[in-house]
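Subject: Structure handover

Hello,

Here is the structure for your files. My notes on it follow below.

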Amino acid sequence: QVQLVESGGGLVQPGGSLRLSCAASGIIFRLYRMGWYRQAPGKQRELVADISSSGNTNYADSVKGRFTISRDNAENTVYLQMNSLKSEDTAVYYCNAIRPTFPRNNYWGQGTQVTVSS
């Protein structure tokens, strides 16, 4: 059974930091591209950042220079360090795992709420 369990969300003031974690089980973690997506109320889910199995990273323009994605293949965990948070970063953040080769499995976590407010 595949599980992606996010943690680390919460309420933070503008300018603050949070670190999200996503612990994966039931998959061969090192074979998967891991990503963080977010969905704000009334908006579509959007890619925040992702990291390939070899460690190549990709970021949305809105978070470049503020957020850092990383992975620990020994711990089957992907992280999202979020600094200089803004109110527009408020959303539910979801962890995603995609296997880029056959059978191209695609899994989602349950989401963790991040609220940036004073």
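Is C22 buried or exposed? C22 is buried, with a relative accessible area of 0%; buried means under 20% relative accessible area, exposed over 50%, and partly exposed in between (1.4 Å probe, protein chains only).

Some ground rules before the rest. This is a predicted model, in which local features need pLDDT of at least 70 and side-chain atom pairs count only at pLDDT 80 or more, while totals for chains, interfaces and linings use all residues. Residues are numbered from 1 along each chain as its sequence is written, and side-chain values use heavy atoms, with hydrogens and water left out.

The disulfide: a search of the whole structure gives 1 (a pair of cysteine sulfur atoms within 2.5 Å). C22 is joined to C95, S to S 2.1 Å. The link is left-handed, with -80 degrees about the S-S bond. C22 lies in strand β3 (residues 18-25) and C95 in strand β9 (residues 91-98), so the pair ties together parts 73 residues apart in sequence. Strands here are DSSP runs (E, at least two residues), numbered from the N terminus. C95 is also buried, at 0% relative accessible area.

E6 is the other item. E6 sits in strand β1 (residues 3-7). The side chain of E6 reaches the backbone nitrogen of C95 at 2.7 Å and that of G111 at 2.9 Å. Leaving aside neighbours within four places in sequence, E6 is in contact (heavy atoms within 4.5 Å) with residues including C22, C95, W36 and G111.

Regards

Notes:
Helices (H or I, at least four residues) and strands (E, at least two) are DSSP runs, numbered from the N terminus. A polar contact is a pair of N or O atoms within 3.5 Å; within protein, one must be able to donate a hydrogen and the other to accept it, and residues adjacent in sequence count only if both atoms are side-chain atoms.
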